[in-house]
Amino acid sequence: MAWTIASPSSRFSFGASNEIPQNSSRFPRLVPQFWPWEKVKLGPLSVSPMGFGTWAWGNQLLWGYQEAMNNELQETFNLAIDNGINLFDTADSYGTGKLNGQSERLLGKFIRDYQGPKGVRDNIIIATKFAAYPWRLTAGQFVKACQSSLKRLQIERIGVGQLHWSTANYAPLQELALWDGLVAMYEKPCFKQSLVRAVGVSNYGPKQLLKISDYLKARGVPLCSAQPLDILITGMLTGKYTAFKLPRGPRALLFRQILPGLEPLLRSLGEIADKRGKTIPQVAINWCICKGTVPIPGVKSVRQAEENLGALGWRLSLDEMLQLESAAQESPRKMIQNIFQTR
């Protein structure tokens, strides 16, 4: 599936293709898969058509995480696995203060404690992001970050190792060192397996994305995924908030500035949701899949996981897609610049 800026959710997008043909036809399926057990190809990996994000697992500032939530987070993880979801996105910076890295630690624990078949557990794909901290100045230091994530996750190999953001705007020499770090993670040392099965990036704009893709290709490393940060990941397209009903914490400032301009899109999402007996988030996630991406909506409760799973098993019609595209065009072209994303 092709990487685009306009798609409305956090998503993986390089090189995914359908793995399982539609059995009821002589012809191969020409649309994205829509059931969790119908895997798509993400580079060398086979992943569910939707993954789950874990930004909230350990983040007290933005998402109000408390350790008392861990039992429900385990239930949420188990529910996802039992329903065919095998892709989980995390980062070494997910978690605040002393809880830094908590998301990776929890994912590792939940994988170990999962009581289902071992074969199912072995097929879980973890995609984690490594922060471009200012003290990570060399390829070797970036590789050590990957090794630290492996220890927190307590797994032998990471599915997709990603550079969390670009430093091209303020530290271009560091950027090249971090790219070399991705190469080193991917390459297989003598008599050992590589640290990651694939590499990707996050918060890269199209120009810088082309540069890193060419750079890695020249080193024999394919760029597997690109994950922009945008409005669904913050909960802005859930339909739960308005200009007069804002979330708590730092997100309120962002929502106050952007939500009024999203009214045409939210209205269209609501109309389609009502017609189909779905929720606005389910329509938004399905829209992402229809556009050829692998969305990774965040979850922190069983209820949210159940709702997100309701985005699978059906697809928007062409007319509905056109309605949403038209509504999106009515939204402001200029959004608040994500400070972590390059042009």
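In the predicted model, the largest nonpolar core comprises 78 residues, and Trp57, Phe77, Phe88, Leu163, Ile212, Leu269 and Leu316 have the most contacts inside it. Helix 10 (residues 280-290) gives the most to this core, contributing seven residues. A nonpolar core is here a set of buried Ala, Val, Leu, Ile, Met, Phe, Trp, Tyr and Cys residues joined through side-chain atoms within 4.5 Å. Residues count as buried under 20% relative accessible area, as exposed over 50%, and as partly exposed in between (1.4 Å probe, protein chains only). A second, separate core of 12 residues includes Val40, Leu87, Ala127 and Val160.

Because this is a predicted model, local features need pLDDT of at least 70 and side-chain atom pairs count only at pLDDT 80 or more, whereas totals for chains, interfaces and linings use all residues. Residues are numbered from 1 along each chain as its sequence is written, and side-chain values use heavy atoms, with hydrogens and water left out.

The protein chain contains 12 helices and 11 strands. These elements are DSSP runs numbered from the N terminus (helices: H or I, at least four residues; strands: E, at least two). Of the 343 residues of the protein chain, 55% count as buried. Among contacts (heavy atoms within 4.5 Å) in the protein chain between residues at least 6 apart in sequence, 73% join residues at least 24 apart.

Aromatic residues were examined next. Phe77 touches Trp57, Phe88, Leu107, Phe110, Ile111, Tyr114 and Ile124, when residues up to four places away in sequence are not counted. Trp57, Phe77, Phe88 and Phe110 form one aromatic cluster. A search of the whole structure finds eight aromatic pairs. Rings of Phe, Tyr and Trp (its six-membered ring) pair if their centres lie within 6.5 Å; planes under 30 degrees apart count as stacked, over 60 as edge-to-face and the rest as tilted.

The rings of Trp55 and Tyr94 have centres 6.2 Å apart and planes at 25 degrees, so this pair is stacked. The pair links distant parts of the chain, 39 residues apart: Trp55 is in the loop between strand 5 (52-53) and helix 1 (60-63), and Tyr94 is in the loop between strand 6 (87-91) and helix 3 (102-113). Trp55 is partly exposed, with a relative accessible area of 22%, whereas Tyr94 is buried, with a value of 6%. Phe130 and Phe142 form an edge-to-face aromatic pair, with 5.8 Å from centre to centre and 80 degrees between the planes. Phe130 lies in strand 7 (residues 125-130) and Phe142 in helix 5 (residues 139-153), so the pair ties together parts that are 12 residues apart in sequence. Both Phe130 and Phe142 are buried.

Two packed helices are described by the angle between their axes and the distance between the axes. Axes are lines fitted to C-alpha atoms, for helices over the stretch in contact, and angles run from 0 to 180 degrees between N-to-C directions. The axes of helix 2 (residues 70-82) and helix 3 come within 10 Å and cross at roughly 60 degrees. Helix 2 is therefore oblique to helix 3. Angles under 35 degrees count as roughly parallel, over 145 as roughly antiparallel, 65 to 115 as roughly perpendicular and the rest as oblique. On the helix 2 side, the contact is made by Asn70, Leu73, Gln74 and Phe77; residues of helix 3 in this contact include Gln102, Leu106, Leu107 and Phe110.

Helix 9 (residues 263-276) and helix 10 pack at an angle of about 100 degrees, with their axes 8 Å apart. Helix 9 is therefore roughly perpendicular to helix 10. In this packing, Leu265, Leu266, Leu269, Gly270, Ile272 and Ala273 of helix 9 meet Ile280, Val283, Ala284 and Trp287 of helix 10.

Individual positions were also considered. Gly161 lies in strand 8 (residues 158-163) and is buried, with a relative accessible area of 0%. Residues up to four places away in sequence aside, Gly161 touches Thr128, Phe130, Leu182, Val196, Ala198, Val199 and Gly200. Asn203, in the loop between strand 9 (196-202) and helix 7 (206-218), has a phi near 65 degrees, a positive value in a residue other than glycine. At 4% relative accessibility, Asn203 counts as buried.
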